[in-house]
Amino acid sequence: MLNQYPQAMTIAGSDSDGSAGMQADLHTFFTRKVYGISVMTACVAGNSYGIHASVSLPLDFIRQEFSDIAADFQVKAVKTGMLADSALIKEVVKDYQKFDFGPLVVDPVIMTKHGNQLLAENAFETLREELIPLATVITPNFYESQKLTGIEIKTEADLKTAAEQLQQLGAKNVVAKGPHYDQQQTVVKDFVLLESGKSFWLSEPYYPTTHINGTGDSLSACIAAEIAKQTPIETAIRIAKSFVNAAIGHEIAVGHKYGPINHWAGENL
C-alpha cells in the first residue's frame, strides 16, 4: 500500500504571500485531494502590493531535490512554473528526463497577465526547444502565446493558429488562454487543442476583480492533479477551467491590493 495515494509535483518558486507560485500549486493539489510534492527553484519576498526581492537556488541543490523525491515517492504528474533562465530550464529538463515522474504540464511563465516579462531573453529558445517538446499539456496565457509563436493575436482565429503552432513545437495538448484585461468583457474564452486533433472553446464568466493572483499557476496545477488521479486529459482540462473560475468568482478578503483566488471554492467540483 506504500505510495498508493495520488502524488503530484510542482517545480516552481516560493511566493512568500502564498498567492502564486509554489504555494498556489500546493493549495490546488490539496483541494483536489492530491498529495503535493515540490522542487523549489527560487524564493520571492513580496506581498499583495508587489515583489520586493528574489533569490534563485543553486542548481546542485535543485538536482538534489529531484534525486531525493525520486528515491522515496511515486509522483504521477508534474507541473512547471517560473523557470527564470536558460540554465535552470536545462537543469529541470535533465532531471525530469532522468526520473519517472509521469506526464508534464508546462505553465510557460514568460509574462504576467498584465504583460510584464518574467523570463530572461536568452531563455526563450531553451524553453521552446527543450521544455515544450516534453509537455503533455501547455497552458500559456494570451501574452505568452504571442511571445512563443510570434503571432499578434487579435481574433479567435489568431488564437487557434497560435495553439496549432504550439502543438507543432511538440506540446501534445494546448490550452491557449484568451485575454481577460477588458473590464467591459463578460466572458473569458480559452481555446483547447488536443493531441487527437479535437478542439473546443471553454467559456466562463469574467469577474472584474483584483483577486486573481495565482490563476495560471492553479489552472496548470489542477490539470496536473487530475492527471495524477488518472483523469483523462480533456476532463482534467475542463475541471481545471471550472475550478479556477469558481476560485475567482468567490473572493476572499486577503491582502490589501492584488489578492489571491479562493481555492476552497473549487474543492467540491
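View 1. Two strands count as paired if DSSP finds at least two bridges between them. Strands (E, at least two residues) and helices (H or I, at least four) are DSSP runs, numbered from the N terminus. Strands of a sheet pair through backbone hydrogen bonds, either parallel or antiparallel. Residues are numbered from 1 along each chain as its sequence is written, and side-chain values use heavy atoms, leaving out hydrogens and water. Because the model is predicted, local features need pLDDT of at least 70 and side-chain atom pairs count only at pLDDT 80 or more, while totals for chains, interfaces and linings use all residues.

**View 2. Strand β4 and its two partners.** Strand β4 covers residues 77-80. β4 pairs with strand β1 (residues 7-15) in the parallel sense over 4 bridges, and T10 has K79 as its bridge partner in β4. β4 is also joined to strand β5 (residues 104-106) by 3 bridges, again parallel; here K79 has V105 as its bridge partner. Both faces of β4 are covered: A77 and K79 on one side, V78 and T80 on the other, are all buried. Buried means under 20% relative accessible area, exposed over 50%, and partly exposed in between, with a 1.4 Å probe and protein chains only.

**View 3. Helix α3 and helix α4.** α3 packs with helix α4 (residues 124-131) at an angle of about 15 degrees, and their axes are 9 Å apart. That makes α3 roughly parallel to α4. Angles under 35 degrees count as roughly parallel, over 145 as roughly antiparallel, 65 to 115 as roughly perpendicular and the rest as oblique. Axes are lines fitted to C-alpha atoms, for helices over the stretch in contact, and angles run from 0 to 180 degrees between N-to-C directions. S86, I89, K90 and V93 in α3 meet T126, L127, E130 and L131 in α4; contact means heavy atoms within 4.5 Å.

**View 4. Strands β2 and β3 with helix α2.** Strand β2 (residues 35-47) runs antiparallel to β3, and 6 bridges join them. C43 has V55 as its bridge partner in β3. I62 lies in α2 and is buried, with a relative accessible area of 0%. Not counting residues up to four places away in sequence, I62 touches V39, M40, T41, L57, L88 and D95.

**View 5. Helix α5.** In helix α5 (residues 142-149), 6 of the 8 residues are buried, so the helix is largely enclosed by the rest of the structure. These are F142, E144, S145, Q146, L148 and T149. They pack against α4, α6 (156-168) and β7 (173-176).

**View 6. The hairpin of β8 and β9.** Strand β8 (residues 187-193) pairs with β9 in the antiparallel sense over 7 bridges. L193 stands opposite S199 in β9. The two strands form a hairpin with 5 residues between them, and G197 in the turn has a positive phi of about 100 degrees.
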